[in-house]
Each structure stands twice: as structure tokens, then as C-alpha cells.
Amino acid sequence: MMEDQMSDELSLAGILRYLPEDFDRQRIQFFPLIDSTNTEAKRQATEGAPDGTVLVAAQQTAGRGRVGRSFYSPRFGGIYFSILLRPKLLMQDMVRITACASIAVADAIFAVTGVYPQIKWVNDLYFSGKKVCGILTELVSAPSHAVVVGVGVNCSAVFPKELQEIAGNLPEVEDMKNRLAAELTMRLSSLEEMIVKGDFLSKYRKHSMVIGQYVTLLQEEGSRYFAKGIGDNCELILEDENGQERRLSTGEISIRFAAND
Ligand code: BTN
């Protein structure tokens with residue numbers, strides 16, 4: 001093996017080391033630097049890229065998160081990964097896609113690092129009280145229906161001051177970026193199968209860090225709800241202070257923990 005192929009740095013050769021011999025390597029594209037793997041995957045989707053196309057980057061200059069936020073994506077700081085899928089699912093399955101992807105990603109993290117992250121509904125993964133991974137699911141409708149699932153995982157990132165309280169890294173293990181990228185490729189490739197089977201839900205509830213907590217909706221200043229559970233369609237079941245139930249299923253709503261008093 002060439003010396004550079006043995007390096008721990010994220011690379012196509014490095015990722016392929018952890019995929020089966022017969023894996024179709026044409027499916028994976030590696031970018032040392034890109035604006036956003038989700039933006040590029042959406043662009044390729046409009047040009048007819050096939051189901052299972054994977055884009056992995058070592059750095060993003062315009063990484064995007066949910067609700068218009070940016071995702072900090074420095075070089076050597078993690079994995080920036082997108083997969084383009086063409087599932088036969090409906091619009092209302094969007095929240096299920098993201099929830100199921102959270103489990104596929106958490107399983108991948110566990111397989112590589114031995115730690116199982118906690119899930120903050122609907123798309124953030126936490127370890128030791130800090131966000132270590134975010135997932136952004138986006139739809140492309142023309143010329144044909146496609147879904148892009150984007151995953152950003154923090155590994156050995158050095159965060160700017162304003163992120164240090166909230167963002168963290170996964171525990172380091174040898175060659176983790178290449179191993180994680182390979183695990184993500186394998187697990188997210190069978191996302192549709194996982195959703196149809198539906199057995200990810202019990203795990204999703206078990207590892208939720210929201211159930212049993214008080215939360216506030218960022219879009220509704222001053223709101224305060226008790227998070228009772230997660231429904232069969234992955235919706236968050238909340239109860240307001242008058243005991244009135246409310247179910248959240250939109251990915252456009254963000255929650256924050258509220259005081260438990
Ligand atoms: C979030 O925290 O709200 C979701 C963050 C998703 C970040 C990933 S990194 C790879 C892909 N490309 C992007 O621009 N965003 C996703």
C-alpha cells in the first residue's frame with residue numbers, strides 16, 4: 001500500500017479500505033474542500049445522479065444546518081457527508097427519514113467509537129452534553145423526486161469561542177474519519193429499508209434526551225412544554241401547562257431545554 005493510503009486523514013482511498021471489496025466505488029465522491037456537500041448533492045440530483053450517490057468532504061466553506069443556520073466545518077475537524085436517495089416515500093415521511101437517519105448515524109458512531117450518542121429531536125446527536133453531530137434532510141422535487149441526507153460529525157474540531165459551550169467532539173479512535181465515513185455509507189444506503197421495517201423507533205425513543213424534559217419552542221418565545229414522548233410517526237408529543245397535548249412533526253421547529261421546575 002502507498003504511504004498516503006495508510007494515512008489517518010480522510011480520503012477516498014482511506015474510506016474504501018473499510019468498505020467491502022465489491023462495493024461500487026463510483027458511488028463515492030471525495031472533496032478536500034467544497035461549499036456544502038448537501039448543496040452539491042442537490043445539484044447532482046437535478047442532473048439525474050443515481051440513488052446511493054455519496055459525497056464526502058474534509059472541509060466545507062458554506063456548511064448548512066436546519067432553520068437557516070450554518071454548520072461549522074473546518075479542515076481536520078470532522079466528516080461532512082451527504083447521501084442522495086431516491087426512496088419511494090411520501091412527503092409526510094420526511095420526519096421519519098431524519099429520525100431514522102439519526103439512528104443509522106448513531107449506530108455508525110457506536111460501531112466506530114463504542115459510545116452511543118443521545119438524540120435531541122429530531123436531528124442532533126449529543127455526547128457528554130455537547131452537540132457532536134447534526135443531520136440535515138432536504139428534498140429535491142425536479143426533475144424527479146430525491147432526498148439528500150446530510151451529516152456533519154465533529155471529530156477533533158477546534159471550536160471558536162462562541163461554539164465551545166455547545167459543540168463537542170466524539171472520543172478519538174484510530175482512523176476514525178475514514179471508518180465513520182464507510183459506516184455512514186453502508187448504513188445510510190439502506191435507510192429506506194430501515195424506515196419500512198420501522199423497528200428503529202424503539203431505539204429512537206430509548207436514546208432520546210428530550211423525553212421527560214421541559215422544552216421551549218424557539219419560534220414561540222416564552223413557551224414551555226413537557227415532552228411526553230415520541231409518536232409512531234416520530235412526532236414529538238408535548239403537553240402544555242394546561243395539560244393540552246400538542247404534536248410536533250415539522251422539521252422547521254427547534255426546541256431548547258427549559259428549566260425543570
Ligand atoms: C444541523 O445541525 O442543523 C444540521 C447540520 C448538517 C450539516 C451537514 S455537513 C454535511 C452536509 N452539508 C451541509 O451543508 N450540511 C450537512
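Select strand β5 (residues 124-127) together with strand β6 (residues 130-140), and you will find the two running antiparallel and joined by four bridges; strands here are DSSP runs of E with at least two residues, helices are runs of H or I with at least four, both numbered from the N terminus, and two strands pair if DSSP finds at least two bridges between them. This is a predicted model, in which local features need pLDDT of at least 70 and side-chain atom pairs count only at pLDDT 80 or more, while totals for chains, interfaces and linings use all residues. Residues are numbered from 1 along each chain as its sequence is written, and side-chain values use heavy atoms, with hydrogens and water left out.

Within this pair, Phe 127 stands opposite Lys 130 in β6, and the hairpin of β5 and β6 has two residues between the strands, with Ser 128 taking a positive phi near 55°.

Now select the ligand and its surroundings. Of the 21 residues around it, those that come nearest are Ser 36, Gln 60, Arg 64, Arg 66 and Lys 131, where a residue is near if one of its heavy atoms lies within 4 Å of the molecule. A side-chain N or O atom of Lys 131 is 2.5 Å from an oxygen atom of the ligand, a side-chain N or O atom of Ser 36 is 2.7 Å from a ligand oxygen, and for Arg 64 a backbone N or O atom lies 2.7 Å from an oxygen atom of the ligand. Taken alone the ligand exposes 420 Å², of which the protein buries 98%, with accessible areas from the Shrake-Rupley method and a 1.4 Å probe.

Finally, select Phe 76 in the loop between β2 (53-57) and β3: Phe 76 is not a glycine, yet has a positive phi of about 70°.

Conventions: Polar contact = N/O pair within 3.5 Å; in protein donor to acceptor, adjacent residues only side chain to side chain.
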